[in-house]
Amino acid sequence: MRRSVKISLHAILALLFLTACIWYAVIQESRNGLLTVSFLNVGQGDSIFIVAPSDRQTLIDGGANSIVLRALSKVIPWYDRTIDVVIPTHPDADHIGGLVDVLQRYKVGTIVHSDVEGDTATAKALVDATAKEDAVKVTARRGQIINLGGGAYLEVLFPDRSVTHVETNTACVVTRLVYGKTSFMLSCDAPKEIENYLVRLDGADLHSDVLKTGHHGSKNSSSELFVGFVNPTYGVFSRGCKNKYGHPAPEVVALFERFGIPTSDTCKDGTITFVSDGQTVMKK
């Protein structure tokens, strides 16, 4: 009787392993030549999950709390407990609160962060969790290229200097994700002053197919100049329903409408996913 139970357990484990291998092969095949970018539904906050054609995974921000783990479970296979790159853009709770749980659940290869200092318990918790993580730590600076493999990469547009004692939104890490002829502007909570500064530095090179609107659609971001130079095909609002800040601001919604840019909203649409083959970007 014990022998038959032992054999059955071995058979079940073998079947589970075979199933995992089959699913991994299917995922690898489906990833062939594709970049996937998911704006996760984490309530009032930001969290962006990127899977490069190489299958390397990047997480930019993690929302305010452990809800990010539920969102990640829908885009990461259950057996995968690694994330190649994590980028906490700045130490505000609605961007980093969930990253403490992420670092406990997943093994992270590289952490790219702003050097702005946070003064909250949440910011300290992330600093402590980062220190314990056996990962390469990189301070973000303009001009850095984060190679995601398969021809996809992130370029850091800001900060361009040390921002240790700068206001946190102003000091956030602005990146542009590029794959072939397609790109995504990921502008964290950067205010209009930083957006317009980037216009002066980069001009038409800011053009991107998708724009993650700054600061959840706050009226303090999404300057007309910046949105015009980015000139996206799609805009994304990452925010919680009935949030106390009134995001997205009516004037920002009106700006996108005036420019003829259709927008998606994590409050209304849940997690929003785009796929690029290097030539075009499609919303799933």
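**Group meeting: a pocket and some aromatic rings**

Hi everyone, let's start with helix α5, which gives the most to the lining of the second largest pocket, five residues in total. Before I go on, please keep in mind that this is a predicted model.

So, what does that pocket look like in numbers? The second largest pocket has a volume of about 320 Å³, and 16 residues line it. Nearest its centre lie H113, S114, V116, L126 and V127. Two elements give two or more residues to this lining: β5, residues 107-113, and α5, residues 121-132. By residue class, the lining divides into eight nonpolar, six polar and two charged.

Now to the rings. How many aromatic pairs does a search of the whole structure find? The count is six, and I'd like to show you two of them.

W78 and Y79 make an edge-to-face pair, with 5.5 Å centre to centre and 85° between the planes. Is W78 buried or exposed? Its relative accessibility is 63%, so W78 counts as exposed. Y79 comes out at 29%, and therefore counts as partly exposed.

My other pair is F184 with F274, also edge-to-face. Here the centres are 6.4 Å apart and the planes make an angle of 65°. This pair links distant parts of the chain: F184 sits in strand β10 (residues 182-186) and F274 in strand β14 (residues 272-276), 90 residues apart. Both F184 and F274 are buried.

And which residues do ring pairs link into a cluster? Those are F39, F184, Y234 and F274, so do have a look at them in the structure above.

Thanks, everyone!

Terms used: Residues numbered from 1 in each chain as written. Predicted model: local features only at pLDDT ≥ 70, side-chain atom pairs only at ≥ 80, totals over all residues. Heavy atoms only, no water. 1 Å grid on protein atoms, 1.4 Å probe; cavity = no way out; pocket = protein on both sides within 12 Å on 5 of 7 lines; lining within 4 Å. Points joined across faces, edges and corners; volume = space filled by probe spheres on them. Helix = DSSP H or I, 4+ residues; strand = E, 2+ residues; numbered from the N terminus. Nonpolar A, V, L, I, M, F, W, Y, C, P; charged D, E, K, R; others polar. Phe/Tyr/Trp six-rings, centres within 6.5 Å; stacked < 30°, edge-to-face > 60°. Buried < 20%, exposed > 50% of the residue type's maximum accessible area, 1.4 Å probe, protein only.
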